[in-house]
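User: I would like to learn how to read a fold from its model. Please take me through the main features one at a time.

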Amino acid sequence: NISLDPASTVVYYANTSQTVSSVPVYGNLSTATSGTKTLAGDISVAGNLSIGTATTLSAGAGNYDITLEGSWASNGTFTENQGTVTFAGTGPQAVSNTLTGTETFYDLVINTAGPVTSSASLTALNSLIMAQGNITQILSSKPEDRRMIFEEAAGITKFKAQKKEALRKLEYTEQNLLRVADLVREVKRQIGSLQRQAGKAR
């Protein structure tokens, strides 16, 4: 058995695919460089988990679980398969995804003593389980905060973001069509002018 210091950081750094060992408890866990880093078993992380740029962390064919007591920061990709991610910290925990702004889990469990905040839209494909204290915290929050939490849990936030992006593209297309119409008018004006000049030249 491998024993790691709770303050230590293990970085899976090879420029290729790697297997993430199922040690009793990681301190902090990071992926870096490139390639897919695949879980070989359930893991626990006492600190933070960081998915590096151009890397993928995969729950593996065994649909392994991750229990996390610190924050989740992704600049890469998480392949959830059918694994469970449990936030089980004693203090505040944060979730971020700077690559897509969205983080997708299969089963998501929030069983923390402190709050879990997220700058990313969260999607639970199968189930979302929350401890009693977390539910009380949601119910006592502002209506707009509650709505956002329920929309994220239902996966609606992702579709709202897609709608916003589609509307932005539609507006861009409409602007392009206006430019094309202006160009067509200008070309017609030039054709008329050239036809008159050709008539005079004859």
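Analyst: Start with burial. A residue is buried when its relative accessible area is under 20%, exposed when over 50%, and partly exposed in between. This is a predicted model. In it, W72 is buried, and F78 is buried too.

User: What relative accessibility does F78 have?

Analyst: F78 has 9% relative accessibility, so F78 counts as buried. F105 is buried as well, with a relative accessible area of 1%. Across the protein chain of 202 residues, buried residues make up 33%.

User: How many helices and strands does the protein chain have?

Analyst: The protein chain has three helices and 15 strands.

User: How do strands make a sheet, and what is the strand order in the open sheet of four strands?

Analyst: Strands of a sheet pair through backbone hydrogen bonds, either parallel or antiparallel. Here the open sheet of four strands runs in the order 2-4-7-10, and its pairing is parallel. Strand 2 (18-20) and strand 10 (77-79) are the edge strands, each pairing on one side only. From one strand to the next, the twist averages 25 degrees.

User: How many bridges join strand 7 to strand 10?

Analyst: Three bridges join strand 7 (residues 55-58) to strand 10, and these two strands run parallel. Take L57 as an example: its bridge partner in strand 10 is F78.

User: Now the aromatic rings. How do I classify a pair, and how many are there?

Analyst: Look at the angle between the ring planes. Under 30 degrees counts as stacked, over 60 as edge-to-face, and the rest as tilted. The structure holds five aromatic pairs. One of them joins W72 and F78: the ring centres are 5.0 Å apart and the planes lie at 85 degrees, so this pair is edge-to-face.

User: Why is the pair of F78 and F105 tilted?

Analyst: The planes of F78 and F105 are at 50 degrees, so the pair is tilted. Their ring centres are 6.0 Å apart. F78 sits in strand 10 and F105 in strand 13, so the pair ties together parts that are 27 residues apart in sequence.

User: Which residues form one aromatic cluster?

Analyst: W72, F78, F87 and F105 form one aromatic cluster.

User: What should I look for in a nonpolar core, and which members of the largest one touch the most other members?

Analyst: Look for buried nonpolar residues joined through their side-chain atoms. The largest nonpolar core has 23 residues, and L49, I66 and W72 touch the most other members. Several strands each supply at least two residues of this core, among them strand 5 (43-45), strand 6 (49-51), strand 8 (66-68), strand 11 (84-87) and strand 15 (121-130). Strand 13 gives the most, with three residues.

User: Which residues are in contact with I66, leaving aside its neighbours within four places in sequence?

Analyst: With those neighbours left aside, I66 is in contact with L39, I43, L49, L57, W72, F78, T84, V85 and T86. Recall that W72 and F78 form the edge-to-face pair.

User: Last, the charged side chains. How many salt bridges does the structure hold?

Analyst: The test is a side-chain nitrogen of Lys or Arg within 4 Å of a carboxyl oxygen of Asp or Glu. The structure holds three salt bridges. E165 and R168 meet in one of them, at 2.7 Å from N to O. D182 and R185 form another, with their closest N and O atoms 2.2 Å apart. R189 and E186 also meet in a salt bridge, at 2.6 Å.

User: Where do E165 and R168 lie, and how far apart are they along the helix?

Analyst: Both lie in helix 3 (residues 156-201), three residues apart, about one turn of the helix. D182 and R185 are likewise three residues apart in helix 3, so about one helical turn separates them. R189 and E186 are also three residues apart in helix 3, with about one helical turn between them.

Notes. Residues are numbered from 1 along each chain as its sequence is written. This is a predicted model: local features need pLDDT of at least 70, side-chain atom pairs count only at pLDDT 80 or more; totals for chains, interfaces and linings use all residues. Side-chain values use heavy atoms; hydrogens and water are left out. Two strands pair if DSSP finds at least two bridges between them. Axes are lines fitted to C-alpha atoms, for helices over the stretch in contact, and angles run from 0 to 180 degrees between N-to-C directions. A nonpolar core is a set of buried Ala, Val, Leu, Ile, Met, Phe, Trp, Tyr and Cys residues joined through side-chain atoms within 4.5 Å. Buried means under 20% relative accessible area, exposed over 50%, partly exposed in between (1.4 Å probe, protein chains only). Contact means heavy atoms within 4.5 Å. Rings of Phe, Tyr and Trp (its six-membered ring) pair if their centres lie within 6.5 Å; planes under 30 degrees apart count as stacked, over 60 as edge-to-face and the rest as tilted.
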